[in-house]
Amino acid sequence: MVVRPAEIGRIRAFVPDDLEEITELSNSCLTEYYTQDIIYDIYRAWPEGIFVYTVGRGIKGFIAGARYTRTEGRILLLAVEREYRNMGIGTALMDHFLDVCRQNSLLSIRLEVRTDNNEAIRFYRRYGFSVTHTMPAYYSDLSDALLMWRML
Ligand SMILES: CC(C)(COP(=O)(O)OP(=O)(O)OC[C@H]1O[C@@H](n2cnc3c(N)ncnc32)[C@H](O)[C@@H]1OP(=O)(O)O)[C@@H](O)C(=O)NCCC(=O)NCCS
């Protein structure tokens, strides 16, 4: 299926003033709890690897990644507000993230996802990520993660 990038808003760089809004969005969409300090540390480690999708003045989605090794990137956080899903916002964020990784000469990307997060797993598979293995008790509630990986 060809998905057109969402055209209802735009992608822009993350700025520290976004922290509160992003932390709220993250904690309303993701099952792991993230503090503003954690997200700020992710930003400081690789400012280019975090950006937001805005509709009007509000942030409706964001992605945050890291450089895992010299050649491998990692997606740490990806979330789109529930009412704005299935409109292509996740796709727009992911496309932009993959471009940034290529511009930074990364060769592959990894991520972890809950084994029961079918929506996200389907989304990542559509992007050519495949499961390399299961990581037992990876999350704070001791549920398992799938490690997914793709070449760039
Ligand atoms: C995973 C997630 C980020 C995807 O975001 P999204 O904005 O819904 O993603 P998109 O809209 O780009 O794509 C979702 C689906 O909508 C479809 N879609 C996108 N634009 C569309 C359009 N204009 N018309 C019809 N369908 C469309 C896509 O084909 C895609 O289908 P797929 O599920 O088979 O891949 C979102 O579901 C989310 O925030 N989930 C909760 C947090 C989470 O689990 N994050 C990942 C943790 S590892």
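Residues are numbered from 1 along each chain as its sequence is written. Because the model is predicted, local features need pLDDT of at least 70 and side-chain atom pairs count only at pLDDT 80 or more, while totals for chains, interfaces and linings use all residues.

**Exercise 1. The ligand shell**

Find which residues come nearest to the ligand, and which element gives the most to the shell around the ligand.

- Step 1: a residue is near a molecule if its C-beta atom, placed from the backbone, lies within 6 Å of it.
- Step 2: 22 residues are around the ligand, and Val80, Arg85, Gly88, Gly90 and Thr91 come nearest.
- Step 3: helices (H or I, at least four residues) and strands (E, at least two) are DSSP runs, numbered from the N terminus. Strand S4 (72-80), helix H3 (89-103) and helix H4 (118-126) each supply at least two shell residues, and H4 gives the most, with five.
- Step 4: sorted by class, the shell has 12 nonpolar, five polar and five charged residues. Here Ala, Val, Leu, Ile, Met, Phe, Trp, Tyr, Cys and Pro count as nonpolar, Asp, Glu, Lys and Arg as charged, and the others, Gly among them, as polar.

**Exercise 2. The buried face of H1**

Work out where the buried residues of helix H1 (19-29) lie around its axis.

- Step 1: call a residue buried if 20 or more other C-beta atoms lie within 10 Å of its own, exposed if 12 or fewer, and partly exposed in between, with C-beta atoms placed from the backbone.
- Step 2: in H1, the buried residues are Ile22, Leu25 and Ser26.
- Step 3: seen down the axis of H1, these residues fall within an arc of 100°, so they line one face of the helix. The arc is that of the directions from the helix axis to the C-beta atoms.
- Step 4: Glu20 and Ser28, on the other side of H1, are exposed.

**Exercise 3. Around Ile63**

List the contacts of Ile63, leaving aside its neighbours within four places in sequence.

- Step 1: two residues are in contact if their C-beta atoms, placed from the backbone, lie within 7 Å.
- Step 2: the partners of Ile63 are Phe51, Ile75, Leu77, Leu78, Leu93, Met94 and Phe97.
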